Amino acid sequence: MEPNGTAVDPGTRVKLVGILMAGQILGGLGVGAALSVGALMAHQVTGSVELSGMAATLTTLGAALAAVPLAALARSRGRSPSLAAGSATAAFGAILAVVASSLNSWPLLFIGFLLLGVASAVGLQGRFAAADAALPHRRGFMLSLVMWATTIGSVTGPLLIGPTEPLAERFGLPELAGPFLVTVVAQLAASALYAFGLRPDPLAVARFTDGAGVAAAPAPGAAPGTGPGTGHGAAPAPGTAPGTRGTPSASTGEEAGRRSGAGRNPAVPLAQFAIAVGHFVMVLVMAMTPVHMQGIGVATSFIGVTMSLHIAGMWALTPVFGWLSDLVGPRFVVLAGQAMFIVTAVLIVAGPENVPMLVAALILLGLGWSANIVAGSAIVTKAVATDERTMVQGRTDMAMNLAGVLGGLVGGPLIALLGFPGLSLVALVPVALVVVTQMTRAARADG
């Protein structure tokens, strides 16, 4: 369904973002429920402690592999079919996991984990769909708002482990299959919501908004209907819906090279690099924190509390970072995220056995990831023309998830070789590269 008339009604934009938030809650609920027992199920089916980590590795890999195909589907058919297909695929992955647990088949279980990872790709692309639905000057905030909705499902999902055990027993399934049954229902519900609720399609709204010349923000004191592109004699911009007139929207600093193509806008690869580095650092440090804390004698229950606080840091303040990206510029927020990574490493090196300092470090790690991902995503969205945006966003998410896979793979060898403080210092090497490239880009832009 394409938007019609002279404007997209503000209520329509709000409705689309609300549906995307609801889909994120359902998706987060399903993934949170399943992944909370994924390692335990892998251990139970394979009989190997070493292979228990395959749950996280394969779901991350699945998200990486699905990013570009989902983006291609969005480009050709729209966000609605792409998100719906991804959620349905994740539901099928959860079904395979349930069957694998009953048959005690690890190959089937690993395929299920791989397909379940598509849900994470859907969640990531949902943030870009929210940016599509928003006005240009609100894209950073709306993007972050949909990311924030993931918090509800991700926090609630693990709480369903106990209540779903009787459900699994009722169907004659292993007790660990219970959360995966929740995942099936939640992902199918999200798929239906995306398929039937996203009308008009967010990508069609973005094409209409950018083509119709909707201004990024009204100039202070400007009268309604004044400003660039609002003259009565202006010719309709390419892609403008029937009945509208205007010129392409005013560009911000990051948007100046939009119509020249992503490949010629240096802001894009730099933002993609920052996003990948942020995810690599987060996964590298986060994955090894429980191992380190257990090694210094911290109770398992408190390790769980620490990880919950870390996850809260990842998601809870995303709207703040989105608002700041719109207010002061996303590059500033990217650099603020790198500063948080640096402080994280300083806290770990200064107090590797100081539990309060470790907790503070993990919270800052989550906050740094959040600032970096939100702001980097805003740069990519604003710097790329609408028709190219989906594929660039898909490649961004693929690189991000592959970086996460790398962080998970090298964490164990690094902590064995250098210890936890040494691992945190290694993480600062790519952080320094992000700081240098972003500062260099800022100097060139100012010059």
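What is the accessible surface of the protein, and what percentage of it belongs to carbon and sulfur atoms? The accessible surface comes to about 17,700 Å², and carbon and sulfur atoms account for 70% of that area. The structure is a predicted model, in which local features need pLDDT of at least 70 and side-chain atom pairs count only at pLDDT 80 or more, while totals for chains, interfaces and linings use all residues. Residues are numbered from 1 along each chain as its sequence is written, and side-chain values use heavy atoms, with hydrogens and water left out.

The secondary structure consists of 15 helices and 0 strands; these are DSSP runs numbered from the N terminus, with helices (H or I) of at least four residues and strands (E) of at least two. Of the 447 residues, 53% are buried, where buried means under 20% relative accessible area, exposed over 50%, and partly exposed in between. Among contacts (heavy atoms within 4.5 Å) between residues at least 6 apart in sequence, 82% join residues at least 24 apart.

The largest nonpolar core contains 56 residues. A nonpolar core is a set of buried Ala, Val, Leu, Ile, Met, Phe, Trp, Tyr and Cys residues joined through side-chain atoms within 4.5 Å. When residues up to four places away in sequence are not counted, the contacts of Leu423 include Leu284, Val285 and Met288. Glycine 422 lies in helix α15 and counts as buried because its relative accessibility is 16%. Its C-alpha atom is separated by 9.3 Å from that of isoleucine 348, 74 residues apart along the chain.

The whole structure holds 3 aromatic pairs, defined for rings of Phe, Tyr and Trp (its six-membered ring) whose centres lie within 6.5 Å; planes under 30 degrees apart count as stacked, over 60 as edge-to-face and the rest as tilted. One of these pairs joins tryptophan 315 and tryptophan 369 edge-to-face, at 5.2 Å centre to centre and 70° between the planes. The pair links helix α11 with helix α14, across 54 residues, and both tryptophans are buried.

There are 4 salt bridges, each a side-chain nitrogen of Lys or Arg within 4 Å of a carboxyl oxygen of Asp or Glu. Aspartate 132 meets arginine 79 at 2.6 Å, N to O, and meets arginine 389 at 3.6 Å, N to O. Aspartate 132 lies in helix α5 and arginine 389 in helix α15, so this second pair ties together parts 257 residues apart in sequence.

Conventions
Buried < 20%, exposed > 50% of the residue type's maximum accessible area, 1.4 Å probe, protein only. Areas by Shrake-Rupley, 256 points an atom, 1.4 Å probe, with all protein chains shown as cover.
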